[in-house]
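Let's take a friendly tour of a protein model. Have the sequence and the 3D view open as you read.

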2 protein chains.
Amino acid sequence: MSLLTVGSVAFDAIETPFGKTDKIIGGAATYISLAASFFEKNQRIVAVVGDDFPQAMIDTLSSRGVDLAGLQIKQGEKSFFWSGKYHNDMNTRDTLITELNVLEHFDPIIPAEYQRTEYLMLGNLSPQVQKLVVERLTERPKLIAMDTMNFWMDIALEDLKQTLSMIDLLIINDEEARQLSGESSLVKASKVIRAMGPKYLIIKKGEHGALLFHEEQIFAAPALPLEEVFDPTGAGDTFAGGFMGYIASTNDISFENMKRAIIAGSALASFCVEKFGTEKLTNISQSDMENRIQQFVSLANFEMTYQAD
Amino acid sequence: MSLLTVGSVAFDAIETPFGKTDKIIGGAATYISLAASFFEKNQRIVAVVGDDFPQAMIDTLSSRGVDLAGLQIKQGEKSFFWSGKYHNDMNTRDTLITELNVLEHFDPIIPAEYQRTEYLMLGNLSPQVQKLVVERLTERPKLIAMDTMNFWMDIALEDLKQTLSMIDLLIINDEEARQLSGESSLVKASKVIRAMGPKYLIIKKGEHGALLFHEEQIFAAPALPLEEVFDPTGAGDTFAGGFMGYIASTNDISFENMKRAIIAGSALASFCVEKFGTEKLTNISQSDMENRIQQFVSLANFEMTYQAD
């Protein structure tokens, strides 16, 4: 099947307790497409960069099956740039610099050949832009997933609610779920959020894994316990990309298959945090990924046979 | 097989955001024995109470297969009493009152008929008392598990380390694991702690489930996502009791069986928090428990079949 990703393709500069980077490649759509490419070879992207964006990364995406007709390259403009510093616990970070640049007036133009897209992943962007994309697709995808963040809840909650009413699956973290719902119990939060539109909700809990909610069903996936998280940047997008790549490649949106997709996303996210930025993701093989998925099988699965004595 | 539990049998008074209790039955050994009784019908207890302890609870334990020859009843003395108040997030609590009473000079006398005990659970007590129990058993149990808490790390770390060197399995929470090891990564913490003696380590993470570590293997069990935690008191002991009851009744200490035992303990702990104290545990049936275990199977298990397109 085909997967269309809309989101930022950008530069990041990252500082963690383990070191710091200069400007490196980042952006939600970059991580999503790279992660999805381990499963889905028919990908499209709608994004915008300036003329400062390196051709090498564009070639990397292209070589991994990502069609780039939807990548706008704005001459004389600069790509989106974010810089942040993680605290010692790696769970919180300060944003040091946000330069919107080309993202400020991003008009998500959908190339005609993208119209028949079965799966759509809306990376974290303004909810108005996310909504525009859904409206511009003449045929509704089989599954529309989206990410968002607390920033949009603070400044554009009504727009966000409108966009939420149009999608199928929201993928956010626990803190965002609590803010969006006003509930501290994630079970209660999941009901409030699903009442806003999405029939499916994934709540990411970082080192504690992820929860999938749909009707009365819940699936709890662990994260791989790691000695060290080197750089969490992009882990959430990598998770979403692995998830949607798996769903698109299997073309199956059953709850059982979404469980497998969460494990696929979790496996890729566990690689992402081992190095700065996209470094690890671009250096692992298909079999590294498959071995990591097997680690999740041993980590989480058990066979329950109960016999009292 | 047989399971011997050593620990407090006591009174608690609990205040949570949902209400407060007068003096109710509590104590680590109480929760452990009640939980274990869902699996193991051959149980023993070594504990001490005052003459204020209600016969009704003693009868309840007895009717569930707990031999009480090792329960010392001190005439003219009072049972251990703890009172605490949970904060709004239910993850932290303040101790309001601790009256050691009979626990102050507790001498854990092992009745002769308890000498051949295959499984031993050392509930949270002073590490010296825990050590005495191990030394007084002439035949070493097949598996010795223990709980402890930060209090003993603060005031009796050397004693605690001695006791740890004599046991097989330590069951503590994430905060305690971090304090005991001095490591914030739980994977690193598990290595430091296992180097102190126990070949197996379970780290309880509350609403995020539990991790089991042994050699290079890790198992991650989820907790049941709940709308509301009414009273967390005794959940950790209930988990340990369910775990050890399952292990004793199946008489199998393989890693695969420990996974199942963790699910059994998690299922019982998920009941415990639904009411104050032991109320829920004493009111559920064997089939309630089995249904809850099935909920964990759907919650955590997935079947991984990976086919790229």
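## Where the chains meet

Keep in mind that this is a predicted model. Chain A and chain B touch each other, with 33 residues from chain A and 33 residues from chain B taking part in the contact.

On the chain A side, several elements each supply at least two residues: α7 (186-194), β15 (217-221), α8 (235-250), α9 (255-272) and α10 (286-300). The largest share comes from α10(A), which gives five residues. If you sort this side of chain A by class, you get 19 nonpolar, six polar and eight charged residues.

## Strand β11 of chain B

Now hop over to chain B and find strand β11, residues 143-146.

## The neighbours of β11

Which strands pair with β11(B)? One is β10 (residues 119-122) of chain B, which runs parallel to β11(B) and joins up over four bridges. Another is β12 (residues 169-173) of chain B, also in the parallel sense, this time over two bridges.

B:Met121 stands opposite B:Ala145, and in β12(B) the bridge partner of B:Ala145 is B:Leu169.

There's a helix in the story too. Together, β10(B), helix α3 (residues 127-136) of chain B and β11(B) make a right-handed β-α-β unit.

Technical notes. Residues numbered from 1 in each chain as written. Chains lettered and ligands numbered in written order. Predicted model: local features only at pLDDT ≥ 70, side-chain atom pairs only at ≥ 80, totals over all residues. Contact = placed C-beta atoms within 7 Å. Nonpolar A, V, L, I, M, F, W, Y, C, P; charged D, E, K, R; others polar. Buried ≥ 20, exposed ≤ 12 C-beta atoms within 10 Å, placed from the backbone. Pairing = 2+ DSSP bridges. Right-handed = clockwise from strand over helix to strand, strands pointing away.
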